[in-house]
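Trainee: Could you take me through this structure step by step, beginning with the way its parts meet?

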Amino acid sequence: MPHDPQVLDHEYDGIQEFDNPTPGWWHFLFWLFIVFSFFYVMMDFSASPFLPGYKKKYDNAVLAATMKKFETLGDLEPNATTFASFTKSEEWMNYAASTFSSNCASCHGPDGGGVVGPNLTDDYGKNLKKIDDIYTVITKGAAGGAMPAWGQRFHPNDLVLLTSYVASLRGTKPQIAKAPEGEIMEPWPDAPAPVFDEGE
Amino acid sequence: MGFEFKSSGSASQLESFSYDDAIVRKFFWATLIWGIVAFLVGVILAVQLAFPQANFLPQVAFGRLRPLHTNAAIFAFAGNAIFTAVYYSTQRLCKARMWSDTLSKLHFWGWQLIIVSAALTLPLGITQGKEYAELEWPIDLAIAVVWLGFFGTNFLMTLIKRRERHMYVALWFYIASLVAVTILHVFNNLWIPVGVVQFLQTGEFGSPSTLLKSYPLYAGVQDAFMQWWYGHNAVAFFLTTPFLGLMYYFLPKAANRPVFSYKLSIIHFWSLVFIYIWAGPHHLHYTALPQWASTLGMVFSLMLWMPSWGGMINGLLTLRGAWHKVASDPVLKFFVVGVTFYGMSTFEGPLLSVKTVNALSHYTDWTIAHVHSGTLGWNSFMTFGMLYWLAPRLFQTGKIHSEKLISMHFWIGTVGILLYVISIYTAGITQGLMWRAFDESGQLSYPEFIETVTRLMPFYWIRAVGGTLFLLSACLGGYNLVMTWLARPKKYEVPVHEAPALSKVYDDGPPPQSRLTANAGIGHAGDRFLQGHWHRRWERLPVRFTVWVVIGVGTASLFEIIPTFLIKSNIPTISTVLPYTPLEVAGRDIYVAEGCYNCHSQMVRPIYAETQRYGEYSKPGEFVYDRPFQWGSRRIGPDLAREGVNNPNASWHYQHFENPQVFTTGSIMPSYKHLVEGDLDYGQIQSRIRALAMIGTPYGDAVKNAESMAREQAKIIADDIRAQMPGFVLPEDLEDKKVIALIAYIKRLGTDIYRTPEPADAAAEAAPAAAEEGGAH
């Protein structure tokens, strides 16, 4: 503004006020957001496809992520052969290691040596005899709830891969090993590493 | 226009009066002292996060101390600053002494007493467990009496008895603060006091902790909604509007310049008052709050940007033509930086309220950085500017002890703020990105939560340094102000002023003519409206003005509150969700008392990275018995909403509470040894269950034999722990320890949706049957 604006005849304890207009850009942005908000609310409340809502967005994300992760796997059969076979897949054991470290390590130790939960590296099992029992314990829980049931928590493939990962810990050397608990387990069955047709 | 009086007789009748500056001096010192206390506690908390051993006593562990910091900063420091500003400026803007010196004094001492009682109760774990509304019910009542009864009455009566015809914009903002804070405080603090229920039913008062304990009338989603309606607007009407009032008085005074735009004052005042109230739900994006509320919270936050900036523009542009003074006058420096920080945080606020941004920022330190750029930058710097401007006037020394020290205060303080906020912004964004990062195989890149904590340690140390600098700068200020005070005269002069009383009749002058030439009735009406003559009239009618503020704030609130409470489909019932058992209630009360919600959320959002980490997202129906809700606002530790599903192992929790570092190297959680060693007062449980039953929790048998039920459940958990920890020496009376109740509660968290509906057996854990929508995978 080139000239000094008009001072109003208001005066309070020596404070005066200018009669300046409110800035144009201020009005513009204020109205812009009012108009935007109106349309946004209309779209949101009418469940418009542009704003699908939390649930739908979430379901889509789950679907997309699951597809991407398990594209090559399909649906795994939870049986001894599958469990044993995947212990030989380095790629998928690295994958399952992550599930283990976020959910199991706090009780079984970062390398499965056992803390509150039993040692998973030795030849003894508290509720385990065969490789299938690992899957059962993970899915349904054990020890009166001290070992939680993870069946609801993970995708079925994750349960299978986690079973294989736990099975693969047997015979490894943890930093701190808890004393053996339970009874001696059968040796795991042998199975060839899984083959994927991704090389074609 | 001018002041034309119809009855010429009253105009000549001058009245003499003097201002009560003694009360201003009292609030002045209270501001300074509580400010330093609040900053000091803040520094201790900052150190505790970087160095957990600093949680050396249960009374000063992070969870209990953080509420003390927030309450001290908001209600003690900012509160007394507001009162200093209000008591000094209102008298002068009204040409009138405060209506009642007695009420002024009652207000001052009442408020300080409230602060002291906060400082005594919070470290003892006496808390309502809702952020910035932690103080328990007797203190709530005291706040209502002191705020409205003493302060409100005194302030409004001063307005009514004023000798200045029109009210200046600063007073509008004070009115809005008074009205809104009253409404917010009352409606967020509706509770049932356990001790009073017990007294009514048995004739006995019970132990002090029973007497002081209360449960909110709202539960779960509704409690969360009310809390953040309150929490957000505490920022609005305690940390914003009164400080805008402060700015409108002290900034033009210090700069000796007219305010930039009267029109802008009107528009931004009313839009701010009306729009702010709606924005609360942006604190609950992606939670179990109904989505429509969250959407309203977001759009009103966006619309709030310009009304907020109206204040910044009016502040900064008032300095137009006085910028050369800013370089030399340290008071103006404080104001300029303060108003600039106000502008930055009121831009950042709307940004953070955008849902997709919030998905990243929520639960991280980003929020903490945002809040501190507001409180340190805006509130503290405006306050210090005011204190420095006031000191020579209040103490009648004519000048401050040392201008150089003010400059030092300013620069050290500014560097402190910058170190604080920049490090904590970085920490927040870093952690937010780590939580949602996936590796190539589709797994979380940082599956262990602790990795995202240890990464923040360098930033936490920088923050502690920044906070310490800010504290130091405030101490410099304190020294300077005390030295100024020491130079005061033996006896303060009390100048006597003269002004005529306001006549009953006043002519507002002719109503404006439409400036339009076209022949359109509504256009002319609109143009007359835009000329604001009507508003000028309101400015001389304080009661009507106040009523309009009440209507503005009230209507906006009701638009959101009524549907939240009335629409049943907002909170679909889940049949397997049952009330907490008596022992779990006792455990939950410990969780609340220890302030666990200050570090742990209980709200898994429907975001893939989050359900991967914590499990199924939280449903509104899961919280219907949560009094108070404990969704939290920051994840310093992991979310606990599904902890009972993910880790129901009692012996793990037992050892973890005693020493968290046993299982998690680098954990910054303090030890809760005192819960492992302390005895639970089983005698208190019965009255708590009765109080909860009275406000609608369907308790059945537990209303009569809560204690024996609790003991029974404790025995089972204690036996579990004994069985799981064979080699350990455990206390004989393990079942009597506090930790057992807390473990009972933790084991229950998030399990109800997996409970089988048929056998109503409370001990059935995580049965593999999903209720409502089932597993999402």
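**How the parts meet**

Mentor: Chain A and chain B together bury about 6200 Å², with 63% of it on carbon and sulfur atoms, where buried area is the accessible area (1.4 Å probe) that two parts lose on being put together, summed over both. This is a predicted model, in which local features need pLDDT of at least 70 and side-chain atom pairs count only at pLDDT 80 or more, while totals for chains, interfaces and linings use all residues. Residues are numbered from 1 along each chain as its sequence is written, chains are lettered from A in the order in which they are written, and side-chain values use heavy atoms, with hydrogens and water left out.

Trainee: Which residue of chain B forms a salt bridge with A:Asp13?

Mentor: A salt bridge is a side-chain nitrogen of Lys or Arg within 4 Å of a carboxyl oxygen of Asp or Glu, and the count between chain A and chain B is three. For A:Asp13, the closest N and O atoms are 3.2 Å apart, and the partner is B:Lys253.

Trainee: Within chain A, which residue forms a salt bridge with A:Asp158?

Mentor: The domain assignment, which is automatic or from a database, gives chain A domain 1 (1-73) and domain 2 (76-184). Between these two domains of chain A the count is one salt bridge. The closest N and O atoms lie 3.9 Å apart, and the partner of A:Asp158 is A:Lys69.

Trainee: How far apart do the C-alpha centres of domain 1 and domain 2 of chain A lie?

Mentor: Domain 1 and domain 2 of chain A bury about 540 Å² between them. Their C-alpha centres lie apart by 50 Å.
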